[in-house]
Amino acid sequence: MRTLAIRRRAPPTTRPTRRLRRALALGLGVALFAGALAQPAPTPGGTLVIGIATSPGHLNPAISTGSEVHTVADSIFNGLVALDDQAVPQPDLAISWSVNDDATVYTFTLAEGVRWHDGAPFTSADVRFTFEEVLLRYHARTRSGLEGRLERIETPDDRTVAFHFAEPYAPLLQQLNVTEAPILPRHVYADAADATTAAANLRPVGTGPFRFVSFDADAQVVLERNPDYFKEGLPYLDRVVFRIVPDASTRLLALERGELDVIAGVPTSELERIAASPTLTTYAPNSGPGGGFCVMTMTFNLERELLANRAVRVALAHAIDRQRLVDQVLYGSGRVATGPIHSGLVAFYSDDVTAYPFDPERAARLLDEAGYPVGADGVRFALDFVHFPQFAKYGDVLRQNLAEVGVRLELVALDRATFVTRVFTQRDFDTGVISYCNNTDPAIGVARVYLSSNIGDIPFSNAGAYANADVDRLFREAAVLADVGERAERYRAVQRLLTAELPYLWLVETAGVSASGAHVRDLAPWSGSPAERAWVAR
């Protein structure tokens with residue numbers, strides 16, 4: 001039995017903002033500060049106002065991988081572990097853990113004195129209930145990673161939880177943070193007929209640093225300091241307000257005016273100017289609430305006869321100018337994707353894949369050969385393209401590209417709830433775009449998109465309804481191997497298979513940038529709970 005020593009990391013080193021472009025190019029999860037390097041001691045009190053693009057819809061992070069939910073709700077809950085800025089596991093609800101020699105049993109000791117926001121004690125029963133009744137049913141990444149591998153969860157006492165696997169499972173510690181496995185209160189959810197519609201989803205009860213105050217779906221979510229938080233002295237802030245401001249330029253203007261303290265998604269056209277501002281702090285983390293190492297991916301509904309034809313998908317791929325997406329949508333802050341695994345996951349990434357360079361003449365020829373000639377109206381066929389409103393610019397470029405080869409793309413902007421229902425429940429769409437985040441290991445964030453077991457009513461899983469027994473097998477084998485080289489061999493094979501079959505088209509790798517006023521200190525934008533240790537200098 002190996003007991004893991006837990007090391008608390010110091011706050012990340014600050015660096016001048018002039019290195020923002022270099023940080024983005026290298027994919028470094030660092031904070032880049034314009035102010036002085038030295039910081040005074042934290043000052044308790046104050047309110048942090050965070051600008052968000054969309055309403056979260058609900059506040060149960062265990063039933064969704066959506067960033068709009070996790071951006072808000074993760075501050076209300078905790079995971080068994082936290083991940084620091086280098087993705088190293090740190091204590092959260094679990095203060096220590098051990099792993100047996102063949103990585104089939106993980107045993108966690110839980111923190112003492114933890115209470116839910118309603119005063120009820122937190123115990124190991126809450127952990128077991130959350131995994132068995134919620135995460136393994138509704139959280140796409142948890143389900144794809146653990147289903148069929150996790151044999152049982154034992155809770156011999158209130159402060160001990162043991163996960164037993166049928167075979168070795170290496171990535172577990174990377175998927176137990178609040179984003180991947182937020183722990184819910186059993187006493188609140190046990191009597192709910194359906195966790196996805198429980199009343200507590202709109203009035204959550206957590207163990208986290210901030211507790212729920214109010215939720216106005218059209219305006220804001222208000223949280224307040226948890227005075228009984230189990231981490232002594234934290235949090236410093238009295239309140240955190242998540243204010244809904246849909247337009248990215250409006251959010252940035254509000255930040256510059258001091259109406260907002262923090263924003264995510266700095267418009268890429270403004271990066272250089274904002275990075276040079278002495279009154280703002282910019283951050284380029286690889287991860288954040290909802291995931292990290294994200295690839296904007298065009299989904300094909302493979303249940304449609306037209307899109308089940310690989311020749312058609314290949315033609316569409318050749319018709320799309322992905323470098324134009326990098327230049328005009330991301331303003332150079334991302335890169336063209338080569339496949340399902342983000343290049344930032346260097347241990348597992350491979351560029352030895354089938355490529356589909358921009359070639360509209362070839363695209364038109366392939367469509368002719370596939371039996372889809374241009375009609376009298378100049379159109380071969382029409383496809384719908386479902387997307388979140390904030391992804392409209394991707395649709396604009398794709399619509400223009402596809403029109404050049406005689407394909408009419410009809411853009412359909414949907415809110416999150418409608419999108420999830422239409423794509424994953426009703427299967428009523430042709431194509432769309434989803435930001436699929438790899439997270440720190442392909443077993444966590446990649447496999448869920450391609451496993452045949454994830455076809456169905458699981459949000460942000462296998463939207464295309466793709467099934468390949470060899471792909472299923474390779475993902476399964478990679479997850480149980482301890483040797484990184486052997487795992488990488490399987491993932492390289494996965495990338496070769498997927499890019500050859502092209503069930504999805506991987507458009508671009510994104511590199512999101514957040515910003516705050518320089519008065520905001522110790523923000524952790526890579527974390528699901530970025531304000532846990534944050535404070536406001538006055």
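Which residues does T142 touch, not counting residues up to four places away in sequence? In this predicted model, T142 touches F131, L135, L136, E147, Q175 and E180. T142 is found in helix α4. With a relative accessible area of 2%, T142 is buried, because buried means under 20% relative accessible area. One of the residues that T142 touches, E180, also takes part in a polar contact: a polar atom of the T142 side chain lies 2.8 Å from the backbone oxygen of E180.

E180 leads on to the salt bridges. Side chains of opposite charge can pair when their charged atoms come close. E180 forms a salt bridge with R141, and the closest N and O atoms of the two are 2.9 Å apart. R141 lies in helix α4 (residues 140-146), while E180 lies in the loop between β10 (160-165) and α5 (186-189), so this pair ties together parts that are 39 residues apart in sequence. Are the two partners buried or exposed? E180 is buried, with a relative accessible area of 1%. R141 also counts as buried, at 1% relative accessibility.

How many salt bridges does the structure hold? The count is 26. Another of them joins E224 and R211, whose closest N and O atoms are 2.7 Å apart. This pair links distant parts of the chain, with E224 in strand β12 (residues 220-225) and R211 in strand β11 (residues 210-216), 13 residues apart. E224 is partly exposed, with a relative accessible area of 23%. R211 counts as partly exposed too, at 25% relative accessibility. Both values fall in the partly exposed range because that range runs between the buried limit of 20% and the exposed limit of 50%.

A further salt bridge is formed by the side chains of E477 and R490, at 3.2 Å from N to O. Helix α16 (residues 469-480) holds E477 and helix α17 (residues 484-501) holds R490, so the pair ties together parts 13 residues apart in sequence. E477 has a relative accessible area of 26% and is partly exposed. R490, at 22% relative accessibility, counts as partly exposed as well. Elsewhere, salt bridges that share partners join R304, D384, R422, D428 and D430 into one network.

Aromatic rings make pairs of another kind. The count comes to 19 aromatic pairs. In one of them, the rings of Y450 and F475 have their centres 6.4 Å apart and their planes at 5°, so the pair is stacked. The angle settles the label, because planes under 30 degrees apart count as stacked. Y450 is in helix α15 (residues 447-450) and F475 in helix α16, 25 residues apart, and the pair links distant parts of the chain. Both Y450 and F475 are buried.

Y450 also forms an aromatic pair with Y504, and this pair is edge-to-face: 5.3 Å centre to centre, with 80° between the planes. Here the label follows because planes over 60 degrees apart count as edge-to-face. The pair links helix α15, which holds Y450, to strand β23 (residues 504-509), which holds Y504, and the two residues are 54 residues apart. Y450 is buried at a relative accessible area of 2%, and Y504 is buried at 0%. Which residues form one aromatic cluster with Y450? F348, Y436, F475, Y491 and Y504 form the cluster together with Y450.

Technical notes
Residues are numbered from 1 along each chain as its sequence is written. This is a predicted model: local features need pLDDT of at least 70, side-chain atom pairs count only at pLDDT 80 or more; totals for chains, interfaces and linings use all residues. Side-chain values use heavy atoms; hydrogens and water are left out. A salt bridge is a side-chain nitrogen of Lys or Arg within 4 Å of a carboxyl oxygen of Asp or Glu. Helices (H or I, at least four residues) and strands (E, at least two) are DSSP runs, numbered from the N terminus. Buried means under 20% relative accessible area, exposed over 50%, partly exposed in between (1.4 Å probe, protein chains only). Rings of Phe, Tyr and Trp (its six-membered ring) pair if their centres lie within 6.5 Å; planes under 30 degrees apart count as stacked, over 60 as edge-to-face and the rest as tilted. A polar contact is a pair of N or O atoms within 3.5 Å; within protein, one must be able to donate a hydrogen and the other to accept it, and residues adjacent in sequence count only if both atoms are side-chain atoms. Contact means heavy atoms within 4.5 Å.
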